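Please look over the sequence and the structure below. The paragraphs that follow take the sheet and then the helices.

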Amino acid sequence: MMQKKTDVLVIGAGLSGLMAAAQAAEQGKQVLVVAKGSGALGLSSGCIDLWGYRLDQPEQVCDDPLQEIVRLVEVNPEHPYARVQDVLTESLAYFSDICAASGYPYVTSPGGNWLLPTALGTVRPTYLAPVTMAVDSLGEAKSILVVGFRELKDFYPEVLAGNLKKNAELAADCRINTLMVSVGGDLNPNTLAHRLERPAVLNEIIKQVKPALSAGTLVFFPPVLGERADSTVAADLAAGLGCPVYEVTNIPPALPGQRLQQVLLRFLKHQGVEVIMGCTVTAARVTGTACTGVTAVGNGKTMQITAGTVILATGSFLGGGLKAGMGLIKESIFDLPVKTCAGEWSDRDFLALSGQPFNKFGLTVNDNLQPVDGQGRVVLENVLITGANLAGCNYPVEKCGNGVALATGYKAGKLSGGVSSAAIR
């Protein structure tokens, strides 16, 4: 059996896990990441939703997400944002610096939240968006052209155009047209994005789109403009067409989420972080209130891993961090106490505007992100909890999932090796 020893063990490779690993490495720690799979990040839109709507008027997009979170914490001190208010701004800056240095910049909107067009023609509030998606002049556009690919399923320009007229605040004289282009072959988003990185294919698209343009047109494409994070497909298209080009947000899985994952994994590699994918933590050793090690299985090998700090970033039900049985919800590795909601666990209306109660299930933590029981006592001193593992967040309706993941991961990495590892020294 293989033995491994590290300062910080991160279990999970979603956004919170990768941010935790990056920040822990920044603190000079030896870091190991183990994960069953690539996490939910690669399935996400790639945008960082911080907070979507006003607390007092839930149907209105909030103008200032940071100020709205201050008010949120006052009325709901159990929300995960209450544990990371002290690092929220610096965590966003840290994330933006990593992305900018990697050639995949994220930008904020002067209006607080971006209102980005989606593939369904709705508008999505989000705080940080990749520059390829950050439409900053939608309300001023005189003409919009939505381009689809004949070989690409699940993207319908007519649907986007028709609904965008109803949902976006467009200029009264704004015209929306659609165009289908072709690159040949049978394509999925990844293969199309890969082909668009070839200059000859890109030039063929420019040749087909250019005749449909008029002065001042914005051009929207599905989010397939390059498979790699350092692709210049969007910029090359804009230069070739002589007009602004953007990707719209799409339902998962979407290329921007995969590009962001590439950026963070590449950053970790440069920081000397070891990442082992396809590795499942099957058991934990606990003495008193400390985790003294875990057993992990992957690629036909079994490892005993000892770490000063363990960061649990395994996600909720989707990531396998929580498991549901008849009348029972369990945390999958340490059997930590899970906070559920009184009454019904689910709403009969799956798309209820108030969200599904089970989305709030999770682990309760103190200000150091250590898990606590119903009386507020620390259960494991050297285990920190991040992201979708945390209780009290209804991210689908609050539009805060990636914001919570980013900030809690950053704080866990910053705290690693401090109070959390004292228990096993």
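In what order do the four strands of the open sheet stand? This is a predicted model, in which local features need pLDDT of at least 70 and side-chain atom pairs count only at pLDDT 80 or more, while totals for chains, interfaces and linings use all residues. Residues are numbered from 1 along each chain as its sequence is written, and side-chain values use heavy atoms, with hydrogens and water left out.

The order is β8-β7-β9-β10, with parallel pairing. The edge strands, each pairing on one side only, are β8 (175-181) and β10 (245-247). From one strand to the next the twist averages 25 degrees. Helices (H or I, at least four residues) and strands (E, at least two) are DSSP runs, numbered from the N terminus; two strands pair if DSSP finds at least two bridges between them. Seven bridges join β7 (residues 143-149) to β8 in the parallel sense, and F149 stands opposite V181 in β8.

Helix α6 (residues 199-209) lies across β7, β8 and β9 (217-221), and runs at about 135 degrees to β8. Axes are lines fitted to C-alpha atoms, for helices over the stretch in contact, and angles run from 0 to 180 degrees between N-to-C directions. Contact means heavy atoms within 4.5 Å.

Helices α3 (residues 88-101) and α8 (residues 255-270) pack at an angle of about 90 degrees, their axes 10 Å apart. Therefore α3 is roughly perpendicular to α8 (65 to 115 degrees). In this contact Y94, F95, I98 and C99 of α3 meet L260, V263, L264 and F267 of α8. The contact residues divide into eight nonpolar, no polar and no charged. Here Ala, Val, Leu, Ile, Met, Phe, Trp, Tyr, Cys and Pro count as nonpolar, Asp, Glu, Lys and Arg as charged, and the others, Gly among them, as polar.

Conventions: Angles under 35 degrees count as roughly parallel, over 145 as roughly antiparallel, 65 to 115 as roughly perpendicular and the rest as oblique.
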